[in-house]
Each structure stands twice: as C-alpha cells, then as structure tokens.
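Please keep the sequence and the model at hand while reading.

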Amino acid sequence: MSKTTASEAQISRSIMDYLAARHVFAVRMNSGTQVLTSGGNRRAIHMNAPGTADILAFPQIRIFSKVSNGVITPLPVWIEVKSATGKQSELQKSFQLQVEAEGHKYVLARSISDVEAAL
C-alpha cells in the first residue's frame, strides 16, 4: 500500500484550525475568478490577484513589563500552502518578493510545523 500525502486543501484546513486554536486571527485569501450562475445569469467574481498567498494571519505578541502591559500586533504573516510535492508558481514567487520588500513575513507551509516555526 502506498503512502498518501495530504492535499493542499487538507493542509490549509489544518493550518486554519491550528491558528484558530492559538487565537490567531487569520483569513483565507482565495485568488482568481469564480463564475457564478443564478437564474440563468452568469456573473464573474474577481477575487485576490493570482499569486496571492493562501492565508493571511495576524499573530499577537504579548509584552508584559513594569512599564507597559499590552498586546502588540506585528506585521502580517502571509502563508502559502503547498503539498509535499507542490511548487510555487512564478506569480507566487513574485508575490512573496513584494510582501517581503514591505517587511512582512512570508511562509511556504507544507505542514502545521512550518507555520508554528514561523510564529
């Protein structure tokens, strides 16, 4: 029997569950165009640009000191989900360079452990 690997959809769901369990606000960032049909009418819905990372997360860092007792939200973490054999497209690589140039964190995640290490 061959060993099966998790699909990108399964990995993405597990990462979203992990982030929710850690109380990290995160949203799925669908990209491309979706065509909807209703009552015989077709309508194209344009989502985020192709190459946009799959998940956008906003982890919080809690700082406790004598001077301040608060929460600091760092820059966003963009998470591109890939299966064990998945490869980034040229558009995804370009998106990574753009967000890193802004000082954001970008994670190529093949498992929850990749996200855990980045947070």
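## Strand pairing in the sheet

Strand S4 (residues 55-58) pairs with S7 in the antiparallel sense over three bridges, where two strands are taken to pair if DSSP finds at least two bridges between them. Within this pairing Leu56 stands opposite Trp78 in S7, and Ala57 stands opposite Val77 in S7. S4 also pairs with S1, again in the antiparallel sense, over four bridges, and here Arg28 stands opposite Ile55 in S4. Strands of a sheet pair through backbone hydrogen bonds, in either a parallel or an antiparallel manner.

These strands belong to an open sheet of four, ordered S1-S4-S7-S8, whose pairing is mixed. Strand S1 (25-28) and strand S8 (105-109) stand at the edges with a single partner strand each, so one side of each is left without a neighbour in the sheet. From one strand to the next the twist averages 20 degrees, the axes being lines fitted to C-alpha atoms, for helices over the stretch in contact, with angles that run from 0 to 180 degrees between N-to-C directions.

## Basis of the model and overall make-up

The model is predicted, and local features need pLDDT of at least 70, side-chain atom pairs count only at pLDDT 80 or more, and totals for chains, interfaces and linings use all residues. Residues are numbered from 1 along each chain as its sequence is written, and side-chain values use heavy atoms, with hydrogens and water left out.

The secondary structure of the protein comes to three helices and eight strands, with helices (H or I, at least four residues) and strands (E, at least two) defined as DSSP runs and numbered from the N terminus. Read from the N terminus on, the elements follow the order α-β-β-β-β-β-β-β-α-β-α. Of the 119 residues of the protein, 29% count as buried; buried means under 20% relative accessible area, exposed means over 50%, and partly exposed lies in between (1.4 Å probe, protein chains only).

## The aromatic pair of Trp78 and Phe95

A search of the whole structure finds two aromatic pairs, where rings of Phe, Tyr and Trp (its six-membered ring) pair if their centres lie within 6.5 Å, and planes under 30 degrees apart count as stacked, over 60 as edge-to-face and the rest as tilted. In one of these pairs the ring centres of Trp78 and Phe95 are 5.0 Å apart and the ring planes stand at 80 degrees, so the pair is edge-to-face. This pair links distant parts of the chain, with Trp78 in strand S7 (residues 77-81) and Phe95 in helix H2 (residues 90-101), 17 residues apart. Both Trp78 and Phe95 are buried, and Trp78 is also the residue that Leu56 stands opposite.

## Loops and contacts across the chain

His23 lies in the loop between helix H1 (8-21) and S1, and it has a positive phi of about 60 degrees although it is not a glycine. With a relative accessibility of 72%, His23 counts as exposed. In the loop between S1 and strand S2 (33-38) is Ser31, which is partly exposed at a relative accessible area of 35%. Ser31 and Thr52 are 21 residues apart in sequence, yet their C-alpha atoms are 6.4 Å apart in space.

The loop between strand S3 (41-46) and S4 holds Pro50, and Asn48 has its place in the loop between S3 and S4 as well. Pro50 is exposed, with a relative accessible area of 53%, whereas Asn48 is partly exposed at 30%. From C-alpha to C-alpha, Pro50 is 5.4 Å from Gly32, at a sequence separation of 18 residues, and Asn48 is 6.8 Å from Met29, at a sequence separation of 19 residues. Gln34, found in strand S2, is partly exposed with a relative accessible area of 42%, and its C-alpha lies 6.6 Å from that of His46, 12 residues away in sequence.

## The largest pocket

About 280 Å³ of space lies in the largest pocket. On a 1 Å grid over the protein atoms alone, a pocket is an open set of points where a 1.4 Å probe fits, with protein on both sides within 12 Å along at least five of seven lines, and lining residues have an atom within 4 Å of a point; grid points are joined across faces, edges and corners, and the volume is the space filled by probe spheres set on the points. Of the 17 residues that line this pocket, the closest to its centre are Pro59, Gln60, Ile61, Pro74 and Leu119. By class, the lining has 10 nonpolar, four polar and three charged residues, with Ala, Val, Leu, Ile, Met, Phe, Trp, Tyr, Cys and Pro counted as nonpolar, Asp, Glu, Lys and Arg as charged, and the others, Gly among them, as polar.
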